Amino acid sequence: MGDHHFDSISATYDDPEKQARAQEIADAIRTRAGLTGRERLLEYGAGTGLVSQALAELVGTVTLADTSSGMREVARSKVASGDLPASTTIWDLDLTEQAPPQETFDLIVTSLVLHHIQDLGPVLAGFRSLLAPGGQLAVADLDSEDGSFHAHLHDFDGHDGFDRDGLAAQLEQAGFVDIRVGDCSTVVKNGTTFPVFLALARR
C-alpha cells in the first residue's frame with residue numbers, strides 16, 4: 001500500500017475516533033513508560049501527529065517522521081496553528097530503505113504502523129539505533145486478525161495484526177529488553193471491534 005493512499009486521506013484524517021484512540025494510546029504510554037517530561041520523542045509513521053499532540057506537554061521535544069507528503073503537510077499546518085509545538089521537527093523517513101539519521105531519542109512511538117511493514121527487521125534495527133541507551137520503544141498495533149481489517153485495500157501487503165508473543169520475540173531478537181505487552185485501545189471498523197495492544201521495550 002503506497003503513500004498515495006495516505007496522501008489522499010490526509011486532509012480528513014483527524015476524525016473524532018482517531019483523536020480519541022490517540023489519546024488512549026498516549027495515556028497508556030504516560031502510565032506505563034514512566035515519562036520524566038524531558039524525553040526527546042520520535043513518532044515514526046506519525047501521520048498527522050495525533051499521538052505526539054497528546055504527548056507534547058508530557059515530553060521535552062517532538063520529532064515526527066512519515067513518508068506521506070500529505071500527512072507531513074497537515075502536521076506542518078498543526079505546527080503553524082499551535083496544535084503541535086513550534087519546535088517540532090518533521091522528517092521524510094523510511095527505515096525500510098534509508099539508514100537512520102545520526103540523532104538519538106529517549107522515546108520512539110509508533111501507532112498502527114508496523115502492520116503495514118512487511119519486513120520489520122530493518123525498522124526495528126533502525127529504532128534501536130535511534131534510541132539512546134535506556135530509551136524506550138512504544139508500539140501500539142493490532143492483535144492478530146483474520147484479514148478483514150484491510151479487506152477494502154486490494155494492494156495491502158502487510159501483516160494481519162500481530163501475535164503478541166511473536167512480536168515480543170522479534171523485539172528481543174532485535175536487541176530490546178524489558179519487553180512488556182498489554183491491552184491499550186480498540187479500533188471499530190464496519191461493526192467489528194479490533195483490539196489494539198501497547199508493547200513497550202527498552203534499549
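Arg76 and Glu73 form a salt bridge in this predicted model. Their closest N and O atoms are 3.6 Å apart. Both residues sit in helix 4, which spans residues 69-81. Three residues separate them, about one turn of the helix. Arg76 is partly exposed, at a relative accessible area of 40%. Glu73 is partly exposed too, at 48%.

Now turn to helix 2, residues 16-33. Here Asp27 and Arg30 pair up in a salt bridge, with 4.0 Å from N to O. They also lie three residues apart, about one turn of the helix. Asp27 has 29% relative accessibility and counts as partly exposed. Arg30 has a relative accessible area of 40%, so it is partly exposed as well.

The next pair involves strands. Which residue does Asp106 meet in a salt bridge? The partner is Arg40, and the N to O distance is 2.9 Å. Asp106 belongs to strand 4 (residues 105-111), while Arg40 belongs to strand 1 (residues 40-44). The pair therefore ties together parts that are 66 residues apart in sequence. Are these two side chains buried or partly exposed? Asp106 is partly exposed, with 24% relative accessibility. Arg40 is partly exposed at 32%.

Salt bridges can also join into a network. One such network links Asp143, Arg164 and Asp183. Across the model, the count comes to ten salt bridges. Among them are the helix 4 pair, Arg76 with Glu73, and the strand pair, Asp106 with Arg40.

Key. Residues are numbered from 1 along each chain as its sequence is written. This is a predicted model: local features need pLDDT of at least 70, side-chain atom pairs count only at pLDDT 80 or more; totals for chains, interfaces and linings use all residues. Side-chain values use heavy atoms; hydrogens and water are left out. A salt bridge is a side-chain nitrogen of Lys or Arg within 4 Å of a carboxyl oxygen of Asp or Glu. Helices (H or I, at least four residues) and strands (E, at least two) are DSSP runs, numbered from the N terminus. Buried means under 20% relative accessible area, exposed over 50%, partly exposed in between (1.4 Å probe, protein chains only).
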